Amino acid sequence: MSSGSGRVAGKRVVITGAARGMGRSHAVRLAEEGADLILIDICRSLPDIEYPLATTAELDETAELVRGLGRRALTYTVDVRDGAALAEAVADGVAALGGLEASVANAGVLTAGTWDTTTAAQWRTVVDVNLIGTWNTCAAALPHLIDRGGSLVNISSAAGIKGSPLHTPYTASKHGVVGMSKALANELAAAGIRVNTVHPTGVATGMRPESLHHLLAEQRPDLAPIFGNALPIVMAEAIDISNAVLYLVSDESRYVTGMEFKVDAGVTLR
């Protein structure tokens, strides 16, 4: 298949959490601009997460959307907490596509609860997926980038900038993604590898614990203003975040590294 045209024409990109929501949006947007993709998702739900996670059928659907745009798509059902399995999947995909230029660590989970109701198991699940899983994604991609340069895009959150309450493990993990990414940006700059974080406000996806809305509406309405955007929207759309990802994968951002790219409707201003 020819490299075609587009802002990321011919680039090969790994995306985790690719089956639905923002991950699917990133995949479609990058494919529209010429990228071939390695699509990874766990494709099963987890006991400490109250909402259902994606399915194999949804991952296959994402791949078909990419192929419908004339780009290659490979799918792997992998838990990002399993570093060895993730590295094996990425290596297999890179061998099939002939190389790698970027990764997008998008997989993430969210729990909700007050400080005294959040469990140790919830802490472990959220930190292991959001922070260790992001590290595992970077570590799986880096052997394929270290001799040629590339871009690591790590999806954090507005909660990775401000002290968003009632989901403390999530907030802590997303702050951790920023620190890790900045450290990697310094370490990898000499190899021509850029590392940036993206910080969305709320986005309408499947990552929606109903208990958070109950907490804000009934138990702690005093905290609701912390979640309010400065711009007059309730939530952003996934495409808004994907456009930022596209920029950071593309050569348009060739001198951009260590940046916290906010697509947050101003929620972190307040």
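A pocket, on a 1 Å grid over the protein atoms alone, is an open set of points with protein on both sides within 12 Å along at least five of seven lines, and its lining residues have an atom within 4 Å of a point. Its volume is the space filled by probe spheres set on the points, which are joined across faces, edges and corners.

The model is predicted, so local features need pLDDT of at least 70 and side-chain atom pairs count only at pLDDT 80 or more, while totals for chains, interfaces and linings use all residues. Residues are numbered from 1 along each chain as its sequence is written, and side-chain values use heavy atoms, with hydrogens and water left out.

**Figure 1. The second largest pocket and its lining.** The second largest pocket holds about 170 Å³ of space. Its lining consists of 14 residues, and those closest to the pocket centre are K11, E101, G149, G150 and D251. Sorted by class, the lining has six charged residues (Asp, Glu, Lys and Arg), three nonpolar residues (Ala, Val, Leu, Ile, Met, Phe, Trp, Tyr, Cys and Pro) and five polar residues (the others, Gly among them).

**Figure 2. The salt bridge between D251 and K11.** A salt bridge is a side-chain nitrogen of Lys or Arg within 4 Å of a carboxyl oxygen of Asp or Glu. For D251 and K11, the N to O distance is 3.1 Å. Helices (H or I, at least four residues) and strands (E, at least two) are DSSP runs, numbered from the N terminus. Buried means under 20% relative accessible area, exposed over 50%, and partly exposed in between (1.4 Å probe, protein chains only). D251 is exposed at 51%, whereas K11 is buried at 13%.

**Figure 3. The salt bridge between R29 and E32 within helix α1.** The closest N and O atoms of R29 and E32 are 3.2 Å apart. Both residues belong to helix α1 (residues 21–32), where three residues, about one turn of the helix, separate their positions. R29 is buried, with a relative accessible area of 14%, while E32 is partly exposed at 43%.

**Figure 4. The salt bridge between R220 and D222.** The side chains of R220 and D222 meet at 2.7 Å, N to O. R220 is partly exposed at 34% relative accessibility, and D222 is partly exposed at 49%. Elsewhere, salt bridges that share partners join R12, E101 and R148 into one network. The count of salt bridges comes to 16.

Note on methods: 1 Å grid on protein atoms, 1.4 Å probe; cavity = no way out; pocket = protein on both sides within 12 Å on 5 of 7 lines; lining within 4 Å.
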